[in-house]
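I opened my notebook today to look up a helix, a strand and a loop residue.

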Amino acid sequence: MSEMLDSTALDGIGWKVRCDFVAPESDKRGPFYPRFAHMLSMIPLVVRYFFFAAKQWLHGKEVFVNCFSQLKHDMYTGVPIGGIGCGSIGTDFRGAFNKFSLIPGIKEQRFENIKADQFILTVHSADGMELIYQSILSTANFRDSSLSEWCSKLRGEDVRYRGLYPRAWREFRIPNIDLILICEQISPIIPHNYEDSSFPASIFQWTVINESKKGYSVSLTFTFRNGTGNPKWDNESQCEAKEFTTKSAAGLTLSHTINSMPVSYAVACEEADDKKITYSTFNPCSKSGREVWRRLIKSMSLSGEIHSDRELGIAVSTQFQLAAVQTKSCKFCLAWHMPIVQFGGKSRSYKRWYTRFVGVERDAIEKLVETAFSRSEKWRTEVENWQRGVVDDKSLPEWYRSALFNESYYISDGSTMWFEYDPSWKETESEIDTHTEAQLRKFGRFGYMESWEYLMINTYDVHFYASWALLKNWPMLELSLQLDFCDQLGRKDTTKATSLCEGTKMELKTISRIPHDMGHPHGEPWMQTNAYILHDTAIWRDLNLKFVLSCWRDYKLIVEKSFEPREAKEILQYFYKQSEVIIRNALEEWDNDDDGMIENSGIADQTYDIWTMSGTSAYCGSLWLASLSSILSMARTLGHEDATQRYEDMLDQAKVAFVKKLWNGSYFNFDELSSDQGVIMADQLCGVWFQTMMAGEELISDTQVLSTLDTIYTHNVKMFASGNMGPVNGMFEDGVVDISSIQGEEVWTGTGYSVASFMIAKGKQQEGFHTARGIFETCWNRAGLQYQTPEAIYEKKHYRAIGYMRPLAIWAMHHALEMKSVR
């Protein structure tokens, strides 16, 4: 029996709007455009980039970042549907489907709402003789000129939306016939569940409330066409439809290809004694769409005819009687089955993780549909249980109770991939360690994009912040990713490339260095790493140190808690062995004055890749302290006494140098360059933050930490944009934003959430929530950037890189609150 919903479903915690809502700053904001002064300094970079891009395109390849065609936001974006790593489908909160991400690593953001993907309501008189009402259940815009008769009679003010990922609710009020429809959309995003969470399916639970004194005959119809809205795939192959029934449902499947990869869609409705299910195929290119529309007007049912064509839609309808002042419900499922996929290189095929549970054959989609219907109530219960502790906690701000889950959309909609392990990988990835292989066999290989437009998989310096979302909810995916990078340390790729920023020659992957990313989705990821060539990341200070910190954290918070002691120790020994290489090389190559503290090179050699640092910097220096502390903890845990003493001495020496070089009495200087004096960096104590999140030993005095956080809050938060946008990256002591670098004047949404978590962990909860609120309110309620949070926002006009990985760092706030609760 389907659960009945009422209008209170729209009143709970979540991102809530009426469907005539237009974000006040949405039309005023667009993709990033640099200042003229910055453009002049970037001319050599632009010239090199132009020739690089031209060469890539000439050979049919894509650049890792297309600066000539940045992605624009969609102010009507809603909660995406689908599980993790199986491909996702975007939604418009007004009622539409769009912006598919079924091709691994690719978000088809440029394509609009698809008119053929639709719910249609038809209402007749109780005897079925008179048409009372017919409308698509959407107030969205459709640029497609086909299906002209498929129209909406709804007004935006009569439709409400609430999103709380992975669920969403829409309420449609039809006042002239006293009918209310409520739809709950739910996808199986369930923490610590490594089966259902991977399923490519979503349930649409409809409740129809008749408040009138008349009875009605009602039908709800769900239609869906082949492809993704991208004209490239619209008529790529012959489309075949097939009817099917399961224990609890009936519907149609639609088999075709997308980018030459076989895929099947399924639309189904749950069967019930008081409901009649009918179906048919239709022509989604029909100018009028009359074959479905007029058939519903005439008989409230579909013809049952099934055809094949190059472009094809499927429709499934359920019809039922609704007495006066009566409520009924029905349930639809949308599923997709794209079991075997390839990246652009096409030299290797990957089996998606969900196929472990349903298989790869075409009829597996029917298993997916039956599983979705049979487990949908369990999905709802488990999602509610996951969220209840936060949602019901009135001591937390309401916006945060929404933000924590809604910012998690990127877990499934980050062009995410989750693959079954294939032993043949070792033929081209000989570096895969036995511990990694065991982990991948048990939990699969996980990947997600840095951004919808930054085409790099598992960008490690960014994942460092975002990883808290995986660690808190799917820790075994975090461990799979960490072990994957652990293996990469001994790998090399001597292919030569030119760094676009400096113009110097470099190897694509240097041995004894962590790669920046696992590769480009248009190439062959994992076999070809480091799609990013803006700089030579082999000399990046932060990238490798973040790896050492993550090794210790993942051991303490995942491995130690989840593995038998012997196996846990073996994994820690592997982490320690790789970390030792990094620490040794860093000390030999980056400590230029032999004071135990590393120095930056004077170029942008860290995640702030257009913001140069010289000498010892607060950002990388704090990461060095934390990495020394992490390897010291590993050595101590493993009982390596000589190494423990050596690392204790190194850490003590480095602490002295760090404070002596950079502490100015209130905060830590940006770096040692005199021209940077007075610049307050919001993320200056990144390493200390990460250490604090692990409840690690003190790296600098508590007085220094608190003074620094106070300075950041006073200047970077409160003096910027009236304190309503979060922390600007760089601010001078006099309240002037640092515009010497593009990134100095940006607010990085993810680092803002991490700074907020740092404040909370250090007892500054009010300041932490205020810091984070500015980010969320700006993106979600003013700029129209909901469910597409960018890497960076500017005080006015611009954002950069929508749909970005790092805002998942909001889960560090949750971790900090849990730490506080334990204390």
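**Before I start**

I am working with a predicted model, where local features need pLDDT of at least 70, side-chain atom pairs count only at pLDDT 80 or more, and totals for chains, interfaces and linings use all residues. Residues are numbered from 1 along each chain as its sequence is written, and side-chain values use heavy atoms, with hydrogens and water left out.

**Entry 1: helix α16**

I looked up α16, which covers residues 641–662. Helices (H or I, at least four residues) and strands (E, at least two) are DSSP runs, numbered from the N terminus. The 22 residues of α16 reach 32 Å from the first C-alpha to the last, close to the expected 32 Å. That expected span is 1.5 Å times one less than the number of residues.

Next I checked burial (buried is under 20% relative accessible area, exposed over 50%, partly exposed in between, with a 1.4 Å probe and protein chains only). The buried residues of α16 include A643, Y647, L651, A654, F658 and L662. Seen down the axis, the buried residues fall within an arc of 155°, so they line one face of α16. The arc is that of the directions from the helix axis to the C-beta atoms. On the other side of α16, I found E641, D642, V656 and K660 exposed.

What do the buried residues of α16 pack against? I found α14 (565–590) and α15 (618–638) there; contact means heavy atoms within 4.5 Å.

**Entry 2: strand β9**

I moved on to β9, residues 179–186. Eight of its eight residues are buried, so β9 is largely enclosed by the rest of the structure. L179, L181, C183 and Q185 lie on one side, and I180, I182, E184 and I186 on the other.

Then I looked for neighbouring strands (two strands pair if DSSP finds at least two bridges between them). β9 runs antiparallel to β8 (residues 167–174), with eight bridges joining them. β9 also pairs with β10 (residues 201–210) in the antiparallel sense, over eight bridges. In the hairpin of β8 and β9, four residues lie between the strands, and D178 takes a positive phi near 55°.

**Entry 3: residue E311**

Where is E311? I found it in the loop between α4 (290–299) and β16 (313–322). E311 is buried, with a relative accessible area of 18%.

Its side chain makes a polar contact with the side chain of R225 at 2.8 Å. A polar contact is a pair of N or O atoms within 3.5 Å; within protein, one must be able to donate a hydrogen and the other to accept it, and residues adjacent in sequence count only if both atoms are side-chain atoms.
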